[in-house]
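Let's take a walk through a protein chain together. Have a look at the sequence and the 3D view below, then read on.

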Amino acid sequence: MAKLTKHSLFKEEKPRSETLIDRTTRAAREIVEDEAEQRELKTSLLRKARLEREAKTPAKTPEIKTKGARKNSKAKPAG
């Protein structure tokens, strides 16, 4: 069996050069992550503004409308 040393056990990997596909993928992911971060920030600001607005305005109780008796569409023959 070969003698295990620090150099034979843990081989150094050569750094792989970045291909065009890798660069495109990395750039696309960065763009998507930035857009998601901006969307979350905007959502939190809008939520905060909505909660503040709701806290300032008094709550209105909606009026409940009662429905009248339903009319039968078919006329009953007199008989």
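Which residues form a negative surface patch? Glu33, Asp34, Glu35, Glu37 and Glu40 do.

## Before we start

What you see is a predicted model, where local features need pLDDT of at least 70 and side-chain atom pairs count only at pLDDT 80 or more, while totals for chains, interfaces and linings use all residues. Residues are numbered from 1 along each chain as its sequence is written, and side-chain values use heavy atoms, with hydrogens and water left out.

## The overall picture

The protein chain has two helices and zero strands. Both kinds of element are DSSP runs numbered from the N terminus: helices are H or I with at least four residues, and strands are E with at least two.

Of the chain's 79 residues, 1% count as buried. Here buried means under 20% relative accessible area, exposed means over 50%, and partly exposed is in between (1.4 Å probe, protein chains only). The accessible surface comes to about 9,300 Å², and 56% of that belongs to carbon and sulfur atoms. Those areas come from the Shrake-Rupley method with a 1.4 Å probe; for residues, only the protein chains shown count as cover.

One of its members, Asp34, sits in helix 2 (residues 20-56) and is partly exposed, at 44% relative accessible area. Patch residues have over 30% relative accessible area and no salt bridge; like charges are joined within 9 Å, and nonpolar side chains (Val, Leu, Ile, Met, Phe, Trp, Tyr) within 5 Å. Asp and Glu count as negative, Lys and Arg as positive, and His and the chain ends are not counted. A charge is placed at NZ of Lys, CZ of Arg, CG of Asp or CD of Glu.

There's a nonpolar patch too: Leu4, Leu9 and Phe10, with about 370 Å² of accessible area together. Leu4 lies in the segment before helix 1 (6-9), and counts as exposed at 62% relative accessibility.

## Salt bridges

Side chains of opposite charge can pair when their charged atoms come close. A salt bridge is a side-chain nitrogen of Lys or Arg within 4 Å of a carboxyl oxygen of Asp or Glu, and the count here is three.

Glu18, Arg26 and Glu30 are linked in a network. Glu18 and Arg26 have their closest N and O atoms 2.9 Å apart, while Glu30 meets Arg26 at 3.7 Å, N to O. Arg50 and Glu54 also pair up, at 3.6 Å; they are four residues apart in helix 2, so about one helical turn separates them.
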